[in-house]
Amino acid sequence: MHQLNELDASFLFLESETTPMHIGGVYIFDASEREKALTFDDFRDYLNHRLHLAGFFRQKLMTLPFNLDRPYWIDDPDFDINRHLESVDLQGGGYDALMDLAGERLATLLPRTRPLWQVTWIDGFGRDSLLPVDGFALVVRVHHAAVDAFSGEEVMGKLLEYTPDTPTKTRPPAWQPEPAPRAEQLLTRASLNLLRKPFQFMTLTQSTMTAALRDLLEHPIGRLRAARDVLGAPRTPFNRNLTERRRLHNTSIDLARLKTLKAAIGPDISLNDLVLGICAEALNRYMVSHGIDTRESLVALTPVSVRSRSLRQPTGNQMSAMLVSLATDEPDPARRVARIRDNTRTSENYREAIAADRLTERLPSTLVALSTRLYSEFHLAQHYQPAFNLPITNVPGPQVPLYLKGARLVHQINSAPLFHGAGLAILAQSYAGAVHVNLTTCPDLVPDGEQLAELIETAVEAIEANVMAGMDK
């Protein structure tokens, strides 16, 4: 048993019918190298032997009356893997049918009465150049309260294999659910936690103001300019209240190509700077084509893993985040990447001052949830300037192929949760020599999402052309 931190709990309380808070996506496998086809029963047996690798598979939520304190993860004594798996025959459908099905599943809430994950097995592909003939797909949903994008990638790395050779099956360790805690024990803890909140909040305020003041004194002019750039993002058509619909779009870029481009722009440019610059160029072109005002720079929320500095638990959310101006008001795509580099370096100081896990640990998640519900119910996203326009996450992944019982993972389209005021999220994830740029959209706010995905490649070409033009001068 362990208690959710405030950031994890916030993802529970932020959830509503139109804002499911799970991550995951679509994983497409090629099984042509296997001697015989892989079946749903094979997959169920495979997963059943790996449940011990991540605790959230067999843990469910235990809440306190009136949400007096954060929920707890406890072992589910009635755990049954069959309640978390389903099989769907695509009946000759192609890539579009697969993505339609994925969109439906990703728009559906996970039941709170059992462990918060679900996997849909999909086979029966028709002939489609985007799908392997002898293949299958998994649509995976795991609640954001259990994992973040960084720990989710670690979990997938544990569940899959690094070789097509299926290892000898071993008996998984015996699992015996721990008894649930007594209600009076949790109520005592809740009382102590409530008493600590005011003092924790005063400590947070003092440390945040000290860090911000020190940073301003060290770099007054540049910091004031940077603060002006990110304090209040421009209103766009995709910064409104969401509907229930979801859609995934994806494109891939060769990783070696990006590394070459990064080095050509400048020695201190990071891959993350370049990814943000590519997204900025694509967003700018998309907005121009849809008649959206581009005079003000878009602002991105960029989550950053702090797992390397805070190995408190193998899953859950261990993130910080920073607001970064995407410099979309800069016409030169290559120069924009350099400006983004400066913006990210500036934001790092504020990230340290108000890291997401420190802030939420001192603000009750129920208060955050109430504020968000009011924001949603009164459609405030339609009337007020947003704090940021979209989240953009860059997650490093394995550079060698992964396998599931000899079937090779050939494509992954990762999803991110959306919330009111942000109808678009971009998640870039590297895998096997490529960076996969994944877009989760609410199509009622972001029409023609496939065009935005196509503009990612156009953006890379535009940055390359500007870099080459600069070299020729």
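Modeller: Two strands pair if DSSP finds at least two bridges between them. Helices (H or I, at least four residues) and strands (E, at least two) are DSSP runs, numbered from the N terminus. The model is predicted: local features need pLDDT of at least 70, side-chain atom pairs pLDDT 80 or more, while totals for chains, interfaces and linings use all residues. Residues are numbered from 1 along each chain as its sequence is written, and side-chain values use heavy atoms, without hydrogens and water.

Biologist: What makes S2 and S13 a pair?

Modeller: Strand S2 (residues 22-30) and S13 are joined over 7 bridges, in the antiparallel sense. At least two are required. Gly25 stands opposite Asn414 in S13.

Biologist: How do you know that S12 pairs with S13?

Modeller: Strand S12 (residues 403-404) has 2 bridges to S13, and they run antiparallel. Tyr403 stands opposite Arg408 in S13. The hairpin of S12 and S13 has 2 residues between the strands, and Lys405 takes a positive phi near 50° there.

Biologist: Why is S13 called largely enclosed?

Modeller: Strand S13 (residues 407-415) has 7 of its 9 residues buried, so the rest of the structure largely encloses it. Buried means under 20% relative accessible area, exposed over 50%, partly exposed in between (1.4 Å probe, protein chains only).

Biologist: Why is Thr344 called buried?

Modeller: Its relative accessibility is 2%, so Thr344 counts as buried. Thr344 sits in helix H9 (residues 333-353).

Biologist: What makes the Thr344 and Asp273 side chains a polar contact?

Modeller: The two side chains come to 3.2 Å. The rule asks for N or O atoms within 3.5 Å; within protein, one must be able to donate a hydrogen and the other to accept it, and residues adjacent in sequence count only if both atoms are side-chain atoms.

Biologist: Why is Asp273 with Arg345 called a salt bridge?

Modeller: A salt bridge needs a side-chain nitrogen of Lys or Arg within 4 Å of a carboxyl oxygen of Asp or Glu. For Asp273 and Arg345, the closest N and O atoms are 3.1 Å apart. This pair links distant parts of the chain: Asp273 in helix H8 (residues 271-289) and Arg345 in helix H9, 72 residues apart. Asp273 is buried, at 1% relative accessibility. Arg345 is partly exposed, at 33%.

Biologist: How do you know that Arg245 and Asp444 form a salt bridge?

Modeller: Their closest N and O atoms are 2.8 Å apart. Arg245 lies in the loop between helix H6 (220-230) and strand S8 (247-254), and Asp444 in the loop between strand S15 (434-441) and helix H12 (449-472), so the pair ties together parts 199 residues apart in sequence.
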